[in-house]
Every structure is written in C-alpha cells, then in structure tokens.
Amino acid sequence: MGMTMTQKILAAHAGLDSVEAGQLIKCKLDMVLGNDVTTPVAINEFEKAGFSKVFDKEKISMVMDHFTPNKDIKSAANAFQCRTFAGKYDIKHYYDVGDMGIEHALLPEKGIVAAGDCVIGADSHTCTYGALGAFSTGVGSTDMCAGMATGEAWFKVPSAIKFNLMGSLGEYVMGKDVILHIIGMIGVDGALYKSMEFSGEGLAALSMDDRLSMANMAIEAGAKNGIFAVDDITRDYMKGRVNREYKVYEADPDAQYDAVYDIDLSAVKPTVSFPHLPENTRAEGDFGDVAIDQVVIGSCTNGRLEDMAMAAKILDGRHIAKGVRCIVIPATQQVYLDCVKLGYAETFIKAGCAVSTPTCGPCLGGHMGILAKGERAVATTNRNFVGRMGHPESEVYLASPAVAAASAVTGRITSPNEIM
Amino acid sequence: MKVCGKVHKYGDNVDTDVIIPARYLNTADHKELAAHCMEDIDADFVKNVKEGDIMVACQNFGCGSSREHAPIAIKTSGIACVIASTFARIFYRNAINTALPILECDEAARDIDGGDEVEIDFDTGIITNKTKGHTYKAQPFPDFIKEIIAAGGLLNSLKS
C-alpha cells in the first residue's frame with residue numbers, strides 16, 4: 001500500500017521499508033528543540049534521570065524566546081538554567097537575547113531544519129517546519145529530555161488528510177487566511193492525531209512565508225503535523241541556508257487519505273477567528289462592528305519579512321486609530337534588521353506602532369502587551385483561547401497581518417480591501 | 001489498580017491555557033503550578049479538589065500548547081485520572097510520559113456529571129459511576145504504552 005509523505009519520512013527514520021497508520025515506531029531524530037519555558041522542565045528530568053551526556057550537541061536547539069528579554073526574576077532563573085546547561089553540554093544551536101528569534105521563524109531561517117528531517121520540539125508550533133517538507137511535531141518536555149539523551153522518540157504513525165490547493169491568492173489574502181479558513185472548515189479537532197498534507201498546483205502561488213504560517217497552525221486543527229510537498233520555491237529557500245544534504249520525500253500516488261479537500265485559493269477571503277476558538281472563523285463581509293483596543297503583529301505564525309512588508313504597505317502614510325495600541329514584533333533579528341533597512345521600521349513608528357525586539361511575549365499572555373479585563377485585540381498570533389493574551393475576560397481575534405494592520409488604522413476589525 | 005473519587009466535569013476543547021495559564025509558566029515548580037490549575041474556567045477548582053478526585057471532559061481535552069506544566073498541574077492538584085471523549089495528541093503523550101492516568105471513553109464522558117462518585121479499574125478499563133449505577137468500558141492502551149505507564153513514565157521505562 002502506498003505511503004503519505006509523512007509516513008515515508010517516519011519509515012526512513014525508523015529504519016523500515018514501510019509503515020502504516022496506527023503502527024507504533026521508534027524514530028531517529030535530526031533535531032530536538034526546546035524554549036525557555038519547556039527546556040527547564042526537560043533539564044530537571046534529564047538531571048533527575050541521571051543522564052550525563054546528550055546524544056548529539058549539534059542536533060539540539062534551545063531558543064530563549066517566550067519570556068525574553070526576561071520579564072521577571074523567575075523567568076530569568078529559567079533562562080539562566082538553560083544557558084548553564086547549554087554551556088555545560090556545548091549545545092551548538094543555543095540562541096539567547098541578541099541573536100535569538102522566535103524559534104519557529106529562526107530555525108528555518110538559519111537552515112537548521114531541512115526537507116526530509118524528523119524533528120521534535122517541546123513547543124506545539126514545531127509543526128511549522130512541515131513547510132519545508134520535514135516531519136516535525138510538538139511534544140512535551142519529557143519527550144524533549146528523552147530525545148536529548150537518546151536521539152530517538154516514539155510515534156504512532158498518523159493517517160492523513162490531503163489538501164489539494166489550486167488557484168492563487170487575492171491581493172490582500174495571505175497563507176494565514178487560508179489556514180484559518182481550513183480550521184473553520186474542519187474544526188479544532190478536525191485533524192486530530194493526523195497529518196495535514198498540502199499539495200497541488202496552487203502551491204506555486206504560495207511563498208515560503210505563507211507556507212510556514214499555514215504549517216504552523218496545523219496544531220490548531222489538532223494535527224500531529226502539517227507538511228507541504230517540496231518544489232522549487234522550497235529548494236530556493238533552503239539554498240544558502242541549509243549547509244548539508246537533505247532528502248526530498250514525495251507521497252506515493254496510491255497513498256491512502258482519510259479525506260481529500262480541494263481548496264481554491266482564489267476563493268479564500270480575508271478571514272478572522274473570533275473568540276474563543278480558532279475554528280470560529282468569519283470571512284470578510286461578516287466581521288460586524290467590533291471595536292478593538294490593541295493589535296499585535298508578529299509571532300511564530302506571522303512575524304516573518306513578508307508579514308512585515310504587508311503590514312508596512314497598509315500602514316504607510318497612515319496612523320493607528322486613536323485609543324488603539326499597535327505592537328509590531330519582527331520574529332528574528334534578521335527580520336528586524338531587514339525592517340530597518342527596508343524602511344518598514346520607520347513606517348511602523350511614524351504610524352504610531354511600538355516596535356519590539358523578537359519575543360513570543362503577548363501571544364501567550366507572557367509580557368509585552370497583556371490585555372485588561374474586557375479588552376479586545378486583533379492579533380496575527382495562533383490562539384484565541386480564554387485568557388490567552390491576558391485577563392480571562394479579554395478577547396483575541398486571530399487574523400493576517402493585512403487584516404491586523406487595517407484594523408489598527410480604523411480601530412475595529414477591518415478588511416484591508418476596505419481601506420486600500 | 002483502582003481509584004475512586006468525586007468528579008470535576010468540563011466540556012469540549014479544554015485547552016492548556018485554561019488548565020494552566022501561561023502567565024504562571026515562569027516557574028516549573030509543581031506546587032505553584034497546581035495552585036493555579038483550571039483557574040480561568042473554574043476559579044473554585046483548586047479550593048474544591050481533593051486527593052483522588054477524577055476529572056471528566058468531552059472532546060479534544062488538552063488542546064493547544066505542548067506545556068507539560070498542564071498534566072503536572074492536574075496531577076499535583078490531586079486528580080487521580082482524567083477521562084475524556086478524546087484527548088489532544090500532545091496532552092495525551094505528555095500524560096503518558098509523566099504517568100498521569102488518562103482514559104478515552106466517550107460514553108463515560110457524556111454520561112458522567114460533576115459531583116458523581118466514580119471508580120476506575122485500570123486493569124480492566126471498567127469505569128463505574130457509583131452515583132448513577134452505570135458502568136462504562138474505556139479503550140485499552142496498546143502494550144507499548146502500558147509498559148511506559150507501568151514503569152512510571154517514559155524516562156523510567158527508558159532506564160529499565
């Protein structure tokens with residue numbers, strides 16, 4: 001029986017000729033990732049279990065991105081613990097304030113992950129690297145600990161849902177709108193335990209930044225991973241970043257899928273997820289009149305250069321509405337530097353935005369933009385659960401950078417088509 | 001092994017942000033985490049929960065973040081087992097890896113109400129609702145996962 005892309009990568013990393021959905025396997029890992037929230041728990045377990053070495057110091061990444069630059073003494077202690085461990089074991093890919101970025105923007109940008117890899121990360125949005133054609137999934141700190149010590153992880157081989165993409169996106173429509181549209185269609189558990197596999201002629205119209213933001217949110221449909229077929233756009237992106245051989249896997253023509261959806265990209269409209277679940281989507285025309293207090297443009301979902309470019313295009317020559325706070329967070333130092341060089345940073349500041357060093361900060365209600373009781377935010381982040389960005393009675397509306405920037409200008413949830 | 005306790009009942013899509021809000025993730029201390037367990041959807045949970053109680057919820061329990069702080073907070077609060085119709089996959093993994101007992105049983109999840117007294121036999125997967133006089137049968141774990149749980153979590157199973 002044919003295998004999906006994910007099944008082929010898993011089989012290869014388990015040393016098997018073939019695998020089938022439901023099979024329990026042990027895989028060799030190409031990268032094990034953690035951040036300043038999840039790594040301390042993994043280190044505690046590592047030390048408690050009495051491990052004295054890591055499996056490969058070049059195949060572990062630690063990125064201090066959630067509560068950094070440290071917001072309080074406790075988070076500083078967590079980063080200190082990670083820094084000390086990384087120093088002791090000479091971890092190659094340790095990134096701290098000054099060279100860190102949000103992990104899921106940073107690892108692809110630096111070429112640390114590549115097509116065909118098998119990656120686990122103690123962060124649910126580790127599924128982002130599926131955009132490169134890798135198998136990549138979020139796990140907890142204990143799995144991270146076991147991965148660091150043994151270089152292996154157990155998996156149940158997932159079945160898959162295929163998304164056959166066709167057409168191309170409208171002018172102010174982004175990958176974020178596509179993935180919100182899909183989550184609205186299948187629900188927050190619509191792909192539970194499964195792979196979401198994206199392919200079709202519509203791929204040619206999706207940039208890497210679009211794909212990264214789509215794969216990033218596969219977890220919001222409950223998926224184990226999201227994965228994109230590899231094409232010239234993927235290869236061009238990896239060129240000059242990935243300094244090692246990588247392997248491209250293709251789904252077998254007779255691979256089995258639990259469901260196949262055709263997605264016409266040209267029919268996708270600017271889409272917003274209303275509180276308190278990513279599946280509560282509404283398309284342009286159905287936004288109603290929702291006044292907002294804050295806008296956040298950034299995160300592992302939408303803090304990349306194209307996201308910044310789109311926001312700058314909309315904010316250029318305009319000003320944030322009175323009474324609205326707009327926080328722009330380029331996801332990596334490179335994106336930040338490009339924003340400065342390309343004039344986006346100036347555009348943001350003149351428009352009245354606060355521009356921050358990279359951090360996950362407000363996305364998870366950590367710091368750098370917490371909401372008060374009753375406040376509403378439009379955010380390019382990935383979750384709008386109760387209390388996600390602050391007070392349990394605050395609200396988060398998920399949107400693309402285009403919708404977020406347009407909303408910042410008007411002070412209510414607004415389609416970019418309305419003001420451009 | 002059997003446990004018996006009073007039920008704390010929740011609905012669909014109980015996410016990790018309500019199990020343990022990220023504002024408390026600046027610590028990995030188990031007791032501190034447990035002190036804030038469920039507070040955004042059930043402010044009285046921490047006050048009411050007793051050692052050995054059972055948590056029951058519906059679809060997609062534990063969706064969202066990969067934070068292991070979530071099963072840690074639930075376990076340290078005193079909960080002896082979580083029963084749900086389905087679990088989000090990272091939470092499912094984390095619960096097994098950290099030896100928090102969980103059971104998938106849609107029938108039990110739909111029938112059991114908050115405050116019911118429920119007994120769970122982990123050897124047979126039989127859940128008995130003593131308040132209503134109903135019994136339900138949970139999905140058994142595959143042997144591989146049973147071994148991890150029996151060893152007391154993933155790291156203990158790796159060592160043995």
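**Helices, domains and chains**

Mentor: Happy to! Helix 2 of chain A packs against helix 3 (residues 73-88) of chain A at an angle of about 55°, and their axes are 9 Å apart. Helices here are DSSP runs of H or I with at least four residues, strands are E runs of at least two, and both are numbered from the N terminus. The axes are lines fitted to C-alpha atoms, for helices over the stretch in contact, with angles running from 0 to 180 degrees between N-to-C directions.

Trainee: Before we go on, what kind of model is this?

Mentor: This is a predicted model, in which local features need pLDDT of at least 70, side-chain atom pairs count only at pLDDT 80 or more, and totals for chains, interfaces and linings use all residues. Residues are numbered from 1 along each chain as its sequence is written, while chains are lettered from A and ligands numbered from 1 in the order in which they are written.

Trainee: Back to the pair, then. How are helix 2 and helix 3 of chain A oriented to each other?

Mentor: Their angle makes helix 2 of chain A and helix 3 of chain A oblique to each other. Angles under 35 degrees count as roughly parallel, over 145 as roughly antiparallel, 65 to 115 as roughly perpendicular, and the rest as oblique.

Trainee: Which residues of helix 2 and helix 3 of chain A meet?

Mentor: From helix 2 of chain A come A:T39, A:P40 and A:I43, and they meet A:N78, A:Q81, A:C82 and A:F85 in helix 3 of chain A. By class, this contact of helix 2 with helix 3 of chain A has four nonpolar, three polar and no charged residues. Contact means C-beta atoms, placed from the backbone, within 7 Å. As for classes, Ala, Val, Leu, Ile, Met, Phe, Trp, Tyr, Cys and Pro are nonpolar, Asp, Glu, Lys and Arg are charged, and the others, Gly among them, are polar.

Trainee: And how do helix 2 and helix 5 of chain A cross?

Mentor: The axes of helix 2 (residues 38-48) and helix 5 (residues 141-150) of chain A come within 8 Å and cross at roughly 60°. Helix 2 and helix 5 of chain A are therefore oblique to each other. Their contact includes A:F46 of helix 2 and A:M148 of helix 5 of chain A.

Trainee: New topic: is helix 13 of chain A enclosed or open?

Mentor: Nine of the 10 residues of helix 13 (residues 401-410) of chain A are buried, so this helix is largely enclosed by the rest of the structure. Among the buried ones are A:P401, A:V403 and A:S407. Buried means 20 or more other C-beta atoms within 10 Å of a residue's own, exposed 12 or fewer, and partly exposed in between, with C-beta atoms placed from the backbone. After helix 13 of chain A comes A:G411, with a positive phi near 85°.

Trainee: How many residues of helix 10 of chain A are buried?

Mentor: Eight of the 11 residues in helix 10 (residues 305-315) of chain A are buried, leaving this helix mostly covered. Just after helix 10 of chain A, A:G317 has a positive phi of about 75°.

Trainee: What domains does chain A have?

Mentor: Chain A is divided into domain 1 (5-265) and domain 2 (270-419), with bounds from an automatic or database domain assignment. Their C-alpha centres lie 24 Å apart. The contact takes 35 residues from domain 1 and 38 residues from domain 2 of chain A.

Trainee: Last one: how many residues do chain A and chain B give to their contact?

Mentor: Chain B gives 36 residues and chain A gives 41 residues. On the side of chain B that touches chain A, the largest share, five residues, comes from helix 5 of chain B.

How values were computed: Contact = placed C-beta atoms within 7 Å.
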